[in-house]
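Hi,

Here is the structure I promised to pass on.

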Amino acid sequence: MARKPADQSVSRDEIIIAAADVLQRNGYESATMKDIAAAVNLTAASLYHHFKNKDSLLLAVLERGLDAVIERIEPIIEAPLPPAQKLRAMTREHIVGLTENTAIGAVMVFEIRSLIHVKAPPAKATADDRLAYQDFVDRRDNLFRRRDYFEGLFRQVLSEGVQSGAFRPIDVPIATKTLLGAHNWVGVWYRPKGRLNGDQIANFMTDVILKGIEC
């Protein structure tokens, strides 16, 4: 089948989702722009029209995954619910989101560290290359701030529970990392044809957590 040119027949979002699948299957080091282009029936040259390099594409995958889960969870924070109900609702949104796109979830677990090791352009690089790298660094730093913000939403709810007496006086930072670590790995081991769906997994995990922290 002939490859498509860099036109509107393939959207940016389609490329990002395909890239997540390739990154999950091959890993960041082994995945190539040619692999990703083939997944959406583009030529490699056409893919470069959308994304300058594999680093910028990985960053776009991670941005999409993080923005999606924050969008699902933020409204719960403002809802007039007791902490336990908020935590249950937030856990559901996070886990169901992961089960709806396990590829992005797996990339979030395994490949986010790859962003740290992206090399700056050499001294002889063009001004455009230097500007592109600076834009990448700015977006990367913002991604890490957004990740901290996302974690902070769970810390906030756990802290509310402790302060209100609904939860035991737990170590909130450690409890948050434990909780989110368990959530994130769902995107790695979940199988769509398994015996539990996303809602059922979220309910089970929340029951376990709440039994350990509720007064």
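I112 counts as buried because its relative accessibility is 10% (buried means under 20% relative accessible area, exposed over 50%, and partly exposed in between, with a 1.4 Å probe and protein chains only). You'll find I112 in the loop between α6 and α7; helices here are DSSP runs of H or I with at least four residues, numbered from the N terminus. I112 and L143 sit 31 residues apart in sequence, and their C-alpha atoms are 9.9 Å apart in space.

Before you go further, note that this is a predicted model, where local features need pLDDT of at least 70, side-chain atom pairs count only at pLDDT 80 or more, and totals for chains, interfaces and linings use all residues. Residues are numbered from 1 along each chain as its sequence is written, and side-chain values use heavy atoms, with hydrogens and water left out.

Now for W189, which lies in helix α8. W189 counts as partly exposed, because its relative accessibility is 46%. Together with F110 and W185, W189 makes a nonpolar surface patch of about 360 Å². For such a patch, residues need over 30% relative accessible area and no salt bridge, and nonpolar side chains (Val, Leu, Ile, Met, Phe, Trp, Tyr) are joined within 5 Å. A salt bridge is a side-chain nitrogen of Lys or Arg within 4 Å of a carboxyl oxygen of Asp or Glu, and the areas come from the Shrake-Rupley method with a 1.4 Å probe.

On to the pockets. A pocket is an open set of points on a 1 Å grid where a 1.4 Å probe fits, with protein on both sides within 12 Å along at least five of seven lines, and lining residues have an atom within 4 Å of a point. A volume is the space filled by probe spheres set on the points.

The largest pocket holds about 780 Å³ of space. It is lined by 28 residues, and H94, M108, V109, F150 and N184 are the closest to its centre. The largest share of that lining is six residues from α4. By type, the lining of the largest pocket has 12 nonpolar, seven polar and nine charged residues (Asp, Glu, Lys and Arg count as charged, Ala, Val, Leu, Ile, Met, Phe, Trp, Tyr, Cys and Pro as nonpolar, and the others, Gly among them, as polar).

The second largest pocket has about 270 Å³. Of its 15 lining residues, K52, N53, A132, Y133 and F136 are the closest to the centre. Here α7 gives the largest share of the lining, six residues.

Cheers

Methods: Helix = DSSP H or I, 4+ residues; strand = E, 2+ residues; numbered from the N terminus. Patch = residues over 30% accessible without salt bridge, like charges linked within 9 Å, V, L, I, M, F, W, Y side chains within 5 Å.
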